[in-house]
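Dear colleague,

Please find the structure below, followed by a summary of what was found in it.

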Amino acid sequence: MTLDPAYLNYPKRRRGYDHDIYDWSAIQDRKPVQWLRGKSVAVWICVSLEWFPITPSDVPFRAPGHMQTAFPDYRHYTARDYGNRVGVYRLLDAFAKAGIKASFATNGAIAGRYPELVRDIVAAGHEIIAHSTDMNGTIASGLPIEEERALISGSLVSLEAATGKRPNGWLSIARSQSWNTPDLLKDAGITYCCDWVNDELPYRFRNGLINLPLNHELSDRQIITVQQQSVDSYAQSMTDAFDWLTAEAKNFGGRILPLHVTPYIIGLPYRIDAFERLLMELAARPEAWVATGEEIVSVWKEQQ
Amino acid sequence: MNADPNLYDYSPYRNRPKISWPGGKSCAVWVAPNLEYYEIDPPAHPKRKAWTKPHPDVVGYAHRDHSNRVSHWRMADVMSKHGFPGSVSLSVALCQHHPEVVADGVARGWEFFSHGIYNTRYAYEMDEAQERAIIEDSIRTVRDATGQTIRGWLAPALTHTPRTLDLIAEYGLDYTCDLYHDDQVQPVKTATGNLVSIPYSLEVNDHYGFFVYNMSPREYADTLIRQYEWLAAEGGTVMCIPLHAYLIGQPHRIGPFEEALRHIAADGRAWLARAGDIVDAWRGQQ
């Protein structure tokens, strides 16, 4: 047996990365960031608002959480939509109780289908981040560039029509991008995306787009749905992370704790209570600055 | 192909000659950070896909990139603070891509062994010349970057050929981390050379802890302590803590992990050593 000789060629084996999307830097070597009011840890809550068509698309891939049975999958269609009817309102109440603002990564379809919900979110002062069209709007290399461009612009147009404001931020479904995505987002006027989980502070791509990392390992989907942990274990992980980042911030400057949550996961009656307590606890920490994605990016940007 | 790969002779755990570690310690503990580079757009291999998504697999790539921007230093500082040297399983191309990470390990007195060129280049189906090329590349690259001559091998992404062990033995390597049949150092049968297996404790690898067994950070830390307590009580044993900074160095995991290291370091029965030191101490007793 033998492999194609080209398999032992390494044309991108060089200083820095094997791509040109962004440059390397180590977090501890960067100029320390100062958050507002002398706080050392920015707590960023990002809620995904997702509408799953009951007719799932596998092109380019089927979104996590999508339909699982033969048509019609009423079970998953309705259990996901529960988040948009019930779970999200529990989250809005919890945010109001804790006196904090969050970012809502919202499918364009949510704005068209549930305008009351989007109005309630905006009226409470939360941020809307564009999160594709609906849960069939996945992106990966192979998606024709014109289709991807139309998907990005379709999402932005729906959300702007519902809120009067064009979103500054973008989150791809499953954080999945194509080779074209960073440039298409930049062309569409997006300031920052949240897809690349390689860092714990914002940084700039070479094309000028900012990446604000939304840690998938800290998401309710990863910890509760994938790793099958309880909500108490999830909350423990969040406070452990906060404690660590607080200590690290003393030496290295501001840090970010991103909480990525999903209404149909964390908004269930048997979980929301622990999540509400977690929010109250984090919001009360003297080191915490609870902020939206655009606030974090804007403070960071001014200091670069 | 033989049904038995003929790697070693059977040796029951009961009634083995007693092994003792320097200073009268009962369990040799080594930490193996995997310092890796995964390519964003690697060539296809006929037996295994590098990424599940079309390239770029943003989460897969960026998650691993977290090691080289953020979590390596977090993990390494905790190890140094509690007196644990690293024995690095190295994607040797990291010496070209991010020499800063490799230099940090050198400065901490860590040992380096090869984990292939990239963790996205698999050894399956290589012919002998190709396999020699990656071994020679590993020896040369690590020597240039660190001044060290590699003594060990952990196959890239745990991919092998039936001749890998014979070849690394022929090149004078001392240990393999690819055989999981024992909690003690054991001889390996090779055509030439003098190769041993060192326990790599794959079952307490952080990847197994978090993604095979779905443990919480605190459950994983507790698992490390239980593994250690049992092996220390048996004596003459080896415990490896195989790590990936992008997993153990996440902000919710590093605190509980530090508590596990603190426990092991404070216990008094642990010999905190590098892989090569453990192999040498074992050989001295044969």
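On one side of helix α3(A), Arg119(A) and Ala123(A) are exposed (over 50% relative accessible area; buried is under 20% and partly exposed lies in between, with a 1.4 Å probe and protein chains only). Helices (H or I, at least four residues) and strands (E, at least two) are DSSP runs, numbered from the N terminus. This is a predicted model, in which local features need pLDDT of at least 70 and side-chain atom pairs count only at pLDDT 80 or more, while totals for chains, interfaces and linings use all residues. Residues are numbered from 1 along each chain as its sequence is written, chains are lettered from A and ligands numbered from 1 in the order in which they are written, and side-chain values use heavy atoms, with hydrogens and water left out.

The buried residues of α3(A), which spans residues 115-123, are Leu117(A), Val118(A) and Ile121(A). They cover an arc of only 95° around the axis and therefore lie on the same side of the helix; the arc is that of the directions from the helix axis to the C-beta atoms. An α-helix has 3.6 residues a turn, so residues three or four places apart point the same way. Among the elements that cover these buried residues are β1 (41-49), α1 (74-98) and α4 (145-163) of chain A. Just after α3(A), Gly125(A) has a positive phi of about 90°.

Ser176(A) is placed in the loop between β4 (169-170) and α5 (181-187) of chain A. Ser176(A) is buried, with a relative accessible area of 4%. A polar atom of its side chain lies 2.7 Å from the backbone oxygen of Ile139(A). Neighbours within four places in sequence aside, Ser176(A) is in contact (heavy atoms within 4.5 Å) with Phe61(A), Ile139(A), Ala140(A) and Lys53(B).

Turning to the interface, 65 residues of chain B are in contact with 60 residues of chain A. The area buried between the two chains (accessible area, 1.4 Å probe, lost on being put together and summed over both) is about 5100 Å², and carbon and sulfur atoms give 55% of this. Seven salt bridges are found across the interface (a side-chain nitrogen of Lys or Arg within 4 Å of a carboxyl oxygen of Asp or Glu). One salt bridge joins the side chains of Glu100(B) and Arg15(A), at 2.6 Å from N to O.

Yours sincerely

Methods: A polar contact is a pair of N or O atoms within 3.5 Å; within protein, one must be able to donate a hydrogen and the other to accept it, and residues adjacent in sequence count only if both atoms are side-chain atoms.
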